[in-house]
Amino acid sequence: MNAPVFAQYEVEVEDVEYLRHGDKPLLARVYKPHGTGPFPLVIDLHGGAWCNKDRTSDEGTDMPLARSGVVVVALDFRMPPDAGYPGTIADV
């Protein structure tokens, strides 16, 4: 039996501001596969007890997903001590 062949796409990565609190921008890292699409989209919210990671933490998962044809948007959000619940959730 032959293994399935999956499409592999070139990926454009861009950081964009999606929200601002005063003078502090919150960024989203967008991984966009090149192609005609349409592509499904996944929002990546990093772990780390919500306080010690950022939008770049899951690169090892986000890039392979994008190469397979999924748009991935990895979000930064306010974390303690800047904000706790519900501020973190409101940013997302």
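Which residue is the bridge partner of Val-30 in strand 4? The partner is Val-73.

This is a predicted model, in which local features need pLDDT of at least 70 and side-chain atom pairs count only at pLDDT 80 or more, while totals for chains, interfaces and linings use all residues. Residues are numbered from 1 along each chain as its sequence is written, and side-chain values use heavy atoms, with hydrogens and water left out.

An open sheet is formed by four strands in the order 1-2-4-3, with mixed pairing. Strand 1 (11-21) and strand 3 (41-45) are at the edges with a single partner strand each, so one side of each has no neighbour in the sheet. Neighbouring strands are turned against each other by 20° on average, direction ignored. Helix 1 (residues 59-67) packs on this sheet and touches strand 1, strand 2, strand 3 and strand 4; the helix direction makes about 40° with that of strand 2.

Strands (E, at least two residues) and helices (H or I, at least four) are DSSP runs numbered from the N terminus. Two strands pair if DSSP finds at least two bridges between them. Axes are lines fitted to C-alpha atoms, for helices over the stretch in contact, and angles between N-to-C directions run from 0 to 180 degrees.

**Strand 4**

| Strands | Sense | Bridges |
|---|---|---|
| Strand 2 (residues 24-33) and strand 4 (residues 71-75) | antiparallel | four bridges |
| Strand 3 and strand 4 | parallel | five bridges |

Leu-75 in strand 4 stands opposite Ala-28 and is also the bridge partner of Leu-45.

**Arg-29**

Arg-29 belongs to strand 2 and is buried, with a relative accessible area of 17%. The side chains of Arg-29 and Asp-15 are joined by a polar contact of 2.8 Å. A polar contact is a pair of N or O atoms within 3.5 Å; within protein, one must be able to donate a hydrogen and the other to accept it, and residues adjacent in sequence count only if both atoms are side-chain atoms.

Definitions and conventions: Contact means heavy atoms within 4.5 Å. Buried means under 20% relative accessible area, exposed over 50%, partly exposed in between (1.4 Å probe, protein chains only).
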